[in-house]
Amino acid sequence: GVPAHEVFGHHFEEPIKFLNFGESATFKYGQDIGNSDIILRDDPNQEIDGFRVQGFTFVDAYGRKREARTHIKDGKCLEFLGSEYADPKNLKQYLNLEKSSFVSNASQHTDGQFPQPRMSCTVLDGKTEDVNLEGKILLVSHGGHTQPSDKTYVVNAQECYVIRDGQPKRIIPLKVTGGINQALANIVLL
């Protein structure tokens, strides 16, 4: 959903700018993320109960079949989203291109620019576990954003609850922020 897309997903898109001096990518090919219980992927053909979800696409901006990409599995970063470049000699200056195949994901473009890759339908899956929710705050997130330069995120939730005596009690809207890598390492699926 929205949190997985905003917090993690955008960091698996081909970069649309050169990294600045001293700046590094949030995720790198083969990186151990410290959590082998989750799977993160982008699936442009995702359906739920026979319905196509927002972001569903068959082809990219070049007319090529758009395939699902598994970004994280078994605790490792694997695949990224990408498109094409006008300057193939300088590909290695871009994030992860020497190790990951960047094809069939270009979907967003503006006049005078090459189509840029964008997430379609972010899917977060994996091992689930029971968690005692008593006293925990539950957020129903509807938006957020991520900051690649300092590897942080903000998730906005207009609908929030705290669990008391096994029942959800509505509380004020909240914003949650934190480090992207820490969030991924500590995420638990219910």
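How many nonpolar, polar and charged residues make up the lining of the largest pocket? In this predicted model, the lining comprises 18 nonpolar, two polar and one charged residues. The space within the largest pocket amounts to about 890 Å³. Of the 21 residues that line the pocket, those nearest its centre are Pro3, Ile137, Leu139, Ile187 and Val188. Two or more lining residues are contributed by each of helix H1 (2-7), strand S9 (137-140), strand S11 (152-157) and helix H2 (180-186).

The residue Ser141 is placed in the loop that runs between S9 and strand S10 (143-147). With a relative accessible area of 14%, Ser141 falls under the 20% limit and is therefore classed as buried. Two backbone oxygens lie by its side chain. A polar atom of the Ser141 side chain is found 3.3 Å from the backbone oxygen of Gly143, and a distance of 3.3 Å also separates a polar side-chain atom of Ser141 from the backbone oxygen of Asn156.

Aromatic contacts were examined next. Three aromatic pairs are found in a search of the whole structure. The ring centres of Phe12 and Phe27 are 4.8 Å apart and their planes meet at 15 degrees, so this pair is stacked, given that planes under 30 degrees apart count as such. The pair links distant parts of the chain, 15 residues apart, with both Phe12 and Phe27 in the loop between H1 and S1. Phe12 and Phe27 are both buried. A further aromatic pair, that of Phe56 and Phe58, is edge-to-face, with 5.0 Å from centre to centre and 85 degrees between the planes. Phe56 has a relative accessible area of 16% and is therefore buried. Ring pairs also join Phe80 with Phe12 and Phe27 in a cluster.

The strand arrangement includes an open sheet of four strands, paired antiparallel in the order S5-S4-S1-S8. Strand S5 (76-77) and strand S8 (122-126) form the edges of this sheet, each pairing on one side only. Strand S1 (residues 38-42) runs antiparallel to S8 and is joined to S8 by five bridges. Within this pairing, Asp42 has Thr122 of S8 as its bridge partner.

How values were computed:
Residues numbered from 1 in each chain as written. Predicted model: local features only at pLDDT ≥ 70, side-chain atom pairs only at ≥ 80, totals over all residues. Heavy atoms only, no water. Pairing = 2+ DSSP bridges. 1 Å grid on protein atoms, 1.4 Å probe; cavity = no way out; pocket = protein on both sides within 12 Å on 5 of 7 lines; lining within 4 Å. Points joined across faces, edges and corners; volume = space filled by probe spheres on them. Nonpolar A, V, L, I, M, F, W, Y, C, P; charged D, E, K, R; others polar. Phe/Tyr/Trp six-rings, centres within 6.5 Å; stacked < 30°, edge-to-face > 60°. Buried < 20%, exposed > 50% of the residue type's maximum accessible area, 1.4 Å probe, protein only. Polar contact = N/O pair within 3.5 Å; in protein donor to acceptor, adjacent residues only side chain to side chain.
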